[in-house]
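Here's a set of exercises to work through with the model open in your viewer. Try each task before reading its solution.

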Amino acid sequence: MSRSNSTPSRFDCMGDFGDDDQRPAKRVRLDQAAGGQGAPPLDGQEEGFSETWGPQVMNPEWLFPTPIVPGSLPMPMPGSVSGIMPNPVATMPMTAPMVAPMVSPMDNSVASAPWDTVFDMAPNSADISATFSLPPHHMVLPVEEAQPVSHPQPPPQQHQFQPQRSLQSQAPLRTQPQVQTQPPPRVQPPLRTRPTPPSRSPALLSEPAPQEQRRRKSRSKYVITSPFSDCIDTFGRNFSLKRFARPVDGKVNGYIKFSWPKREGEKQSSRVIEVTEIDNEGDSSASLPSTYACKQSNELAMQRRGSSTSTISVITGSESPYSTASTLIVTQNGQQLQSPTGSFSQFLDSEVAEHPRFVPPHFGYVAVMDNMDRKLFKFYLNNWCPGRSVLKGTNLWLTDFAKMHDSVGVLSAIQSLAGIYIHDYLPDEIVRRRVNERFAIAEARLSRLLQDQANLDARESSELITLASLLSMQDIVLTERRLKKPYHPRWLTGFKQGEQMLQLTDPGNRFYKESNVQVDALRLSQSVIVGRAVILAQPMMPLPPTSTFDPIAEAARFGFLLYGTEREMYEIHGGCGFSKRLLHIFSQVAYCAARMLQDGETPIVPVTAQMLYDQLMDLRQWSGEYGSWEAAQTSTSQPIEWIRQTDETYVVQNADEMTEVTAEAWRLAGMVYLQCRLLRLPRNHPEVLATLSDLAKSISIMPTSGPVFTAQAPLLPVFLLGLLATVEEHEQVAHAWFQQVIRTPVRSSVPPLYETLERIQSWMSTDIPVPAPNMELPRTIAERQPWWERMVSKVQEKETEVLCLT
């Protein structure tokens, strides 16, 4: 085969490598020579020994973006490559940018396909733009490192880069059978390994998932921390705890429900002993009652006695799945054949057979708990959750949050919350330590989820919202630990973090109509409990500053409450005691009031206010457990009609009436809230007095304890009744309700709220006076006095903490 005698030529190509903003463009010199001699070594190096030889690692910056096909290489191949005829007229394609990675130099063999071709070349340690003083004889491609690269076969639609094979593991290339006309190449010595410098660009991965994670991480500009991090190991240490004495009959039937009577002659029936060590497969190291320890000892003794038996009798009754009849097969003519499996008794060794052992202590449970943890969890299920709502189907603390106890964080938060109530009646050091331990686990899990909230999946997002709700509820009931001003309350911060996660994972962005959005029960419950806490804190909080108030963002803030059909919108939910639509109206009242302060000339707010008032007047709420949506639609009157007709001694006794009266009280509270804050009607206005009279009647017939009294009770409506009362009868109804509720020895947020109400009433008449009854109000809302905002400003000035109205 003849050699080419063409004059050496040089091509300088500037290619785009996809990272112009991070590194300068790479420069490739393509030399063409006709001689078959090897390239001379670099200065300061022996021939054939390159000091820059290193690990054969593929540099992803040196691959062509398109596959190489035979005959399209960007230069004529030298004659030193066996089986290749030099082509002096080969051209360099300059259209497609050279993107990582690129081809490496050639070996002395030719593959049958371009994606099977492997090129090998001694590396060049000189600068990439340096030139040889002697005429080159080999085609040389100076690169950063010598990197033999194998080009994988490209897929039909997208290019995937296969990992580089090591130099020792490369199989010999299959070459086409051609006559070798050139002498064999010189054998080069083994490569000297050199540490590979760290790459300045991220490594290319074959799967797009990490790239998607990096893209999502860039959206997080700051790290969100848990508001409960300063509460770790503080229960019973940094603040004094309240004590609640058990009633004589041992029954508590309020916000929690249990019967814990003291037996005659009983000596410390709830005494707890220390258990230093227990097998990890059973109960972990914990404090267990002495009766439980005795029971475990008896069970272990029974197991030892059972294990001494060496024989087992085979059950052959008809109820046994292994009976004799079950091993016979009946044919069509009635003949019985022996089953191929035969009777299982012949495979049992009577010498080693034993009685069945007891199942593990946690058999059938999703989560592993010791005896104390199990008691805390059962107290939450059987005693705390029944005091949350009379609606069993939508009692989210039981139907949704308790189901997530397979999460260690959620289970620990539940156990810590239950332990607080137990410690109220049994102030034991072991219970106190367990509350702190479980709280620390729950808080650590919440902190980890908050720090990585941009990359959470659906399950982790739900876990974050549930954890924030449980820990915030614990901060609400643990009134001794609440933060005072100027600090922001932990419970409100926790619920706002849950609101942020609800908006971040909002499924409504994919739907044009809100009625088409379908959410599961857990998502619905989380929306209700988070929206209830955040929205019901707004009535006694200042409005956002007019300079920073964003009407568009605030109008869409609680949009997750509007998902679903009209039937779902007006259904009473056990998490709040009324419908989602009514809860959203509370938020719209605050929004319109802030918008009116920002722009008093806007015509939209008065129209919106009248529309909201009309909706409240004709709001049809219904319960799926005690009624139907069709019946609510066909009804021509509100529940207040029959409530007005009850006598003064009437008290609600069943759950369906309690559900209806509670929802009606919340509707009336929404009306008086809209009249006073948005329409700016004074407290002694006839319309306000009429609404307060209906609200007082609804509250007066509701029980304050018993089986139908739960946390679903209208706490905010009762507070508004006492706050806005100008008639002594209304004030007495509110005070009677508070006094009867706090008479039950149970932990709740009612006592501090009642104390706040009494302090506000002491200065309300003097600081926020009511106008004369015959005084005519201005026709436009903007011209009326925003007396509600002055009242809230006074409350913020005089009170030491943000009021919790849930």
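What follows is a handful of tasks, each with a worked solution.

This is a predicted model, so local features need pLDDT of at least 70 and side-chain atom pairs count only at pLDDT 80 or more, while totals for chains, interfaces and linings use all residues. Residues are numbered from 1 along each chain as its sequence is written, and side-chain values use heavy atoms, with hydrogens and water left out.

**Exercise 1. Confidence**

Work out what the mean pLDDT of the protein chain is, and which elements have the lowest and highest values.

Step 1: pLDDT is the predictor's confidence in each residue, from 0 to 100. Averaged over the protein chain, pLDDT comes to 73, and 61% of the residues reach 70 or more.

Step 2: Now go by element. Helices (H or I, at least four residues) and strands (E, at least two) are DSSP runs, numbered from the N terminus. There are 21 helices and 10 strands in the protein chain.

Step 3: Over residues 1-152 pLDDT stays under 50, and the model has 300 contacts beyond four places in sequence for them; contact means heavy atoms within 4.5 Å. Residues 157-181 also stay under 50, with 41 such contacts. Where pLDDT is low, the predicted coordinates should not be read in detail.

**Exercise 2. Burial and the core**

Find how many residues the largest nonpolar core has, and which of them touch the most other members.

Step 1: Start with burial. Buried means under 20% relative accessible area, exposed over 50%, and partly exposed in between (1.4 Å probe, protein chains only). Of the 806 residues of the protein chain, 47% count as buried.

Step 2: A nonpolar core is a set of buried Ala, Val, Leu, Ile, Met, Phe, Trp, Tyr and Cys residues joined through side-chain atoms within 4.5 Å. The largest one has 165 residues, and Tyr380, Trp397, Phe719 and Trp737 touch the most other members. Helix α16 supplies the largest share of this core, 14 residues.

Step 3: Zoom in on Trp397. Beyond four places in sequence, its contacts include Tyr380, Trp384, Met473 and Ile529.

**Exercise 3. A helix pair**

Describe how α12 and α16 are oriented relative to each other: roughly parallel or roughly antiparallel?

Step 1: Two packed helices are described by the angle between their axes and the distance between the axes. Here axes are lines fitted to C-alpha atoms, for helices over the stretch in contact, and angles run from 0 to 180 degrees between N-to-C directions.

Step 2: The axes of α12 (residues 580-598) and α16 (residues 655-678) come within 10 Å and cross at roughly 5 degrees. Angles under 35 degrees count as roughly parallel, over 145 as roughly antiparallel, 65 to 115 as roughly perpendicular and the rest as oblique. So α12 and α16 are roughly parallel to each other.

Step 3: Among the residues making the contact are Phe586 and Val589 of α12, and Trp666 and Tyr673 of α16. By class, the contact has 12 nonpolar, 1 polar and 2 charged residues. (Ala, Val, Leu, Ile, Met, Phe, Trp, Tyr, Cys and Pro count as nonpolar, Asp, Glu, Lys and Arg as charged, and the others, Gly among them, as polar.)
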